[in-house]
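Visitor: Could you walk me through reading strands, sheets, helices and a chain contact? I'd like the general idea each time, then the case at hand.

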Amino acid sequence: MSSYLQRSDILPWGRTPQSQMQVAHPSFLDELAVLAPQGWQSPGRLLAGGLRRSYGDSCINDGGALIEMTGVDRFISFDHSTGIIEAEAGVRLADILKLAIPAGYFLPVTPGTKFVTLGGAVANDVHGKNHHRAGTIGRRIRGFTLLRSDGSEHVINREDTTGLFAATIGGLGLTGIITRVTLELMRVESSNMTVQTVPFDNLPEFFSLAAESDATHDYTVAWIDCLAKGDRLGRGIFTRANHSTDGERLVSSGGGPTVPVDAPGFLLNRFSISAFNQLYFSLAGRPRQATSSYDPFFYPLDSIANWNRLYGSRGFYQYQSVVPPNSAADATREMLQTIAAAGQGSFLAVLKTFGETASPGMLSFPMAGTTLALDFANRGSSTLSLLDKLDAIVGEAGGRLYPAKDGRLPATMFRAGYPRLDQFRTHIDPGMSSTFWRRMTR
Amino acid sequence: MTTQKPLRVLILGAGSGIAQATARLYAAEGARLGLAGRQPERLAVIASDLRVRGAVEVETFEIDFMTADAATMLSEMAAKLGGVDHIILAYGVLGDQGGAERSIAEAQTILDVNFRSAAAWALAAANLLELQGHGSLVVLGSVAGDRGRRSNYIYGAAKAGLAVLVEGISHRFRDSGPRAVIVKPGPTDTAMTAGMTKGGPLWATPEAVAAIVRRAADQGGPVVYAPARWRLIMTIIRAIPSRIFNKMNF
């Protein structure tokens, strides 16, 4: 295949599994006219890729073709009066911020890293700390262009009634190649955030803090100490924030250390637990208020390039679940107890309440309830059996897992968690596939 | 405080990876840009991007650098922009060394595009800037021009000739306003090097090279390496006796 190179070094963010793929890296959309048909005809079919921040196999296509869209990264238009921005799918959220902030806008929804492509953000229907207010990014997508193996380029907007819009939002790239996206930005008065940090002693306190904070703050999230047991189970630090009104509009310059090589596995836990403890004990039971620039608030890990290398060469699994409100307290407690008992996993987990705002995506992950996210260093079968136990708790509570984070979700759990899966299947492009999808449909 | 007039910048070969990255830097400064290249649809797409990124004006010019009359076209483009402050010559073709050894005609194409044509445009640019009495010419060369080696000596020869030409233009400008600089990048991760195994400390991003090109348009030269460490590397490479160099395989 011309312009495709055989690559075996491409890894998802969790640095496992490995794959063999034919990979192309176009610089212009017009190159897809030649590249895409070759990919669709590959035995493993084709997947379009972005910055590979997905932790598991949803962003690779072992045995098939991959078109990396990161070179197709041009803006098409930006209307400063409406905040509507159109760009090629390889544009990064980081690039959008550089333009949006000086113009008085911000991303309406952002995940925990700004280094994702627009296409990837749509394909995973990303959510952020403001889900209880804004829902997922899918709600702010006005439309996109999709290249499908029937040879045509479809311009699809949110008024679409065929189902293709809803299938593509959160559709993991399986409905076709997203080539351009139109997004509605959100007006802000400042690039700063007013942030309150509140320590709490246990899980019931988290839930009452969350209920109270969701009403007063646009952004809420908690860090939980997974080692805490007994009546301190679920102790943590709650962060709640709003955009400041101080009128400052500064783009953060970025830059920071990088982890150049795979580190020995124990390092990350040492850093994170000591950082958490330092902060927790320095708060001494009292909330603290501060103003912070947007970058360290939204993207604390982005300043450490390749932080995933701190997990070493075996990599890690990231696990993110959501459980509905009526079972959330019990299920979360049981999950934390199971994790603490196994002695595995990162010492820090993220806990957040999702709001009622529904997403347009058929395979969208967030639903009303409580979401827990954490990393597990890959220690082989002991890790996998722990995750199976967590699956059981989540499944029984009526919850589901997030494919963007997943590396080992069982197909039965996926089917049970996503009731619109059959409807989604009718929109899959036969020329597209991924390792994740083959695993789900084996 | 007087308002700075926007910089007027002509980019010859605006479709290349380094050229696009350089153009983005100028766009962020609110420059007026003229993009010249062979594929108008691509130039249009690049132009939209640059306007969103802050360029106050972007004109595109469909030009075949091999056949067009450099002096005439340059005057036209400069007139469209209302004058020109920086001219960036960024087009080139890597070609296939093996194919060029088998086919002299293919070798001549590499030499024609990268030297004969580029030299004509560089000289025409020099004349225009000299007439204006001000401005900078920045030409993209390559470390490949610093020593002939078996894997790319035809491309290297063209770039070597271009480097001497630009050094000469810089010398010509010693008593007058304009400046000329040749920027020599090492291996850079762009479409030109598609198909090569990339990665590792010797590879640069087009953004890193673009920052150096941008700076060269303001100061320094006449010879600038991108990144700077290549100056030392090539000094060493040039110093290796051929007895030893000939045994090396790159």
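Visitor: Which residues of E5(B) are buried on one side and which on the other?

Guide: In a regular strand the side chains alternate between the two faces of the sheet. In E5(B), Ser136(B), Val138(B) and Leu140(B) are buried on one side, and Leu137(B) and Val139(B) on the other. That makes five of its five residues buried. Buried means under 20% relative accessible area, exposed over 50% and partly exposed in between, with a 1.4 Å probe and protein chains only. Helices (H or I, at least four residues) and strands (E, at least two) are DSSP runs, numbered from the N terminus.

This is a predicted model, where local features need pLDDT of at least 70, side-chain atom pairs count only at pLDDT 80 or more, and totals for chains, interfaces and linings use all residues. Residues are numbered from 1 along each chain as its sequence is written, chains are lettered from A and ligands numbered from 1 in the order in which they are written, and side-chain values use heavy atoms, leaving out hydrogens and water.

Visitor: How many bridges join E5(B) to strand E6 of chain B?

Guide: Two strands count as paired if DSSP finds at least two bridges between them. Here five bridges join E5(B), residues 136-140, to E6(B), residues 179-185, and the two run parallel. Val139(B) sits opposite Ile182(B), while Val138(B) faces Val181(B). With strand E4 (86-89) of chain B, E5(B) pairs in the parallel sense over four bridges, and there Leu89(B) stands opposite Val139(B).

Visitor: In what order do the strands of that sheet come?

Guide: Seven strands of chain B make an open, parallel sheet, ordered E3-E2-E1-E4-E5-E6-E7. Strands E3 (57-62) and E7 (223-226) of chain B are the edges, each pairing on one side only. The average twist from one strand to the next is 20 degrees. Such angles run from 0 to 180 degrees between N-to-C directions, with axes fitted to C-alpha atoms, for helices over the stretch in contact.

Helix H2 (40-52) of chain B lies across strands E2 (32-37) and E3 of chain B, at about 170 degrees to E3(B). Contact means heavy atoms within 4.5 Å.

Visitor: And in chain A, which strands stand at the edges of the sheet?

Guide: That open sheet has five strands in the order E5-E6-E10-E8-E9, with antiparallel pairing. Strands E5 (75-79) and E9 (153-157) of chain A each have a single partner strand, so one side of each lacks a neighbour in the sheet. E8(A), residues 141-147, pairs with E9(A) over five bridges in the antiparallel sense; Leu147(A) has Glu153(A) as its bridge partner.

Visitor: Where does H9(A) bend?

Guide: The bend at a residue is the angle between axes fitted to the seven residues ending there and the seven starting there. H9(A) bends by about 25 degrees at Ala331(A). Its 18 residues (325-342) should span 26 Å at 1.5 Å a residue, and the end C-alpha atoms are 26 Å apart, which agrees. The expected span is 1.5 Å times one less than the number of residues. Just after H9(A), Gly343(A) has a positive phi of about 65 degrees.

Visitor: How many residues does each chain bring to the contact?

Guide: Chain B gives 13 residues and chain A gives 13 residues. Buried area is the accessible area (1.4 Å probe) that two parts lose on being put together, summed over both. For these chains that is about 1,100 Å², with carbon and sulfur atoms giving 56%. In chain B, Arg42(B), Val52(B) and Arg53(B) lose the most area to chain A, together 48% of what that side buries.
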